[in-house]
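Student: Please show me the structure, and then let us go through some of its local features.

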Amino acid sequence: GEHLAAFRAQDGQAYVLDAYCPHLGANLAAGGRVVGNCIECPFHGWQFQGEDGKCMSIPYAEKVPDFARVRTWPSCEVNGMLLVWYHCEGVSPTWAVPEQREIATKEWVFRGQTEHLVDAHIQEIPENAADTAHLAFLHGPAILGGSDLRYTRSKLWDFMKHIWKAEWRPEPEPNEHCSRLLVQHTATVFGKHVSLMDLTVSARQVGPGLVFLIFDHAFLGHGIILQTVTPLEPLLQNVVHKIYYQKNMPAIIPKFILRAECIQFERDITIWNNKQYLPKPLLLREDSSIQKHRRWYAQFYSEKSRRLPAQKEGLDW
């Protein structure tokens, strides 16, 4: 629900500010331009410094008032992304985003991305990691069956199965804002194990909206999918997957991996787009990691976190 302006200053630094000029509300991101280390408002030419949002110049005023400034947002540029820290109480960042060495050294290069809008509670997407029971049922049928859930279990593709073993756990201090999911993937064709499809995925969730999915394959090498979940408004999430892969591998390999991941992810999206978030789900003993995940994720909410209005009684809707 926030409108922001992001710009790169002439010193090479990227900055994020509130989009609207405090003067008369023009959008700095729509027609504004970079002047030195400031962004200039397209309406009257007021210039705001990226570092602290302070107004440095007003073309028609003798003096710039001290209180003329735009709110700045803590941000960092890492792994080819500009990330913004959001905290509804205005608390400063309490942890940093780790740099993926192979992306920084360009050993792994960008090979494509997918983007999806998901109509779901913000917690649904990360909670998937702890829900190991859905892997066999939803993600077991072959990717050849596509992502339309009416046809994934078609007899036509029954000769192939994906087998998943997964274990989710939170990380100890000082990384309690992180959790890990270790996934072992194997596949069978006509009941026979195909070792070419063996894949180990180590997924590290950093905070509520960033996941590092590292792939390790005996023949196809190594790479990473970076997943970001950005809340656009209540019950609407923007999810981006970017893949970086060993540059000595043909681009078709990471593109195939991203496509396969996309098919599986779109199966989840059908569930998320149509399900309800249950604060008190009916869980079995085998679902214990879901409860653990909810306790872990609770750290990202605070007193002023937006909550959905309680449904009214009766038919008054």
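What follows is a short exchange of questions and answers on this chain.

Tutor: This is a predicted model, in which local features need pLDDT of at least 70, side-chain atom pairs count only at pLDDT 80 or more, and totals for chains, interfaces and linings use all residues. Residues are numbered from 1 along each chain as its sequence is written, and side-chain values use heavy atoms, with hydrogens and water left out.

Student: How many helices and strands are there in the chain?

Tutor: Helices (H or I, at least four residues) and strands (E, at least two) are DSSP runs, numbered from the N terminus. By that count the chain holds 5 helices and 16 strands.

Student: With which side chain does the side chain of E115 make a polar contact?

Tutor: E115 sits in strand 9 (residues 108–118). Leaving out residues up to four places away in sequence, E115 touches N238, V239 and V240, where contact means heavy atoms within 4.5 Å. A polar contact is a pair of N or O atoms within 3.5 Å; within protein, one must be able to donate a hydrogen and the other to accept it, and residues adjacent in sequence count only if both atoms are side-chain atoms. At 3.0 Å, the side-chain partner of E115 is N238.

Student: Which residue does a cis peptide bond join to E173?

Tutor: Most peptide bonds are trans. Here omega is about 0°, and the residue concerned is in the loop between strand 10 (160–170) and strand 11 (178–189). The partner of E173 is P174.

Student: Is N79 buried or exposed?

Tutor: N79 lies in the loop between strand 7 (75–78) and strand 8 (81–84). Its phi is positive, about 55°, although N79 is not a glycine. With a relative accessibility of 4%, N79 counts as buried.

Student: What is the relative accessibility of F190?

Tutor: F190 is in the loop between strand 11 and strand 12 (192–193). Phi of F190 is positive, near 50°, in a residue other than glycine. F190 counts as exposed, at a relative accessibility of 68%.

Methods:
Buried < 20%, exposed > 50% of the residue type's maximum accessible area, 1.4 Å probe, protein only.
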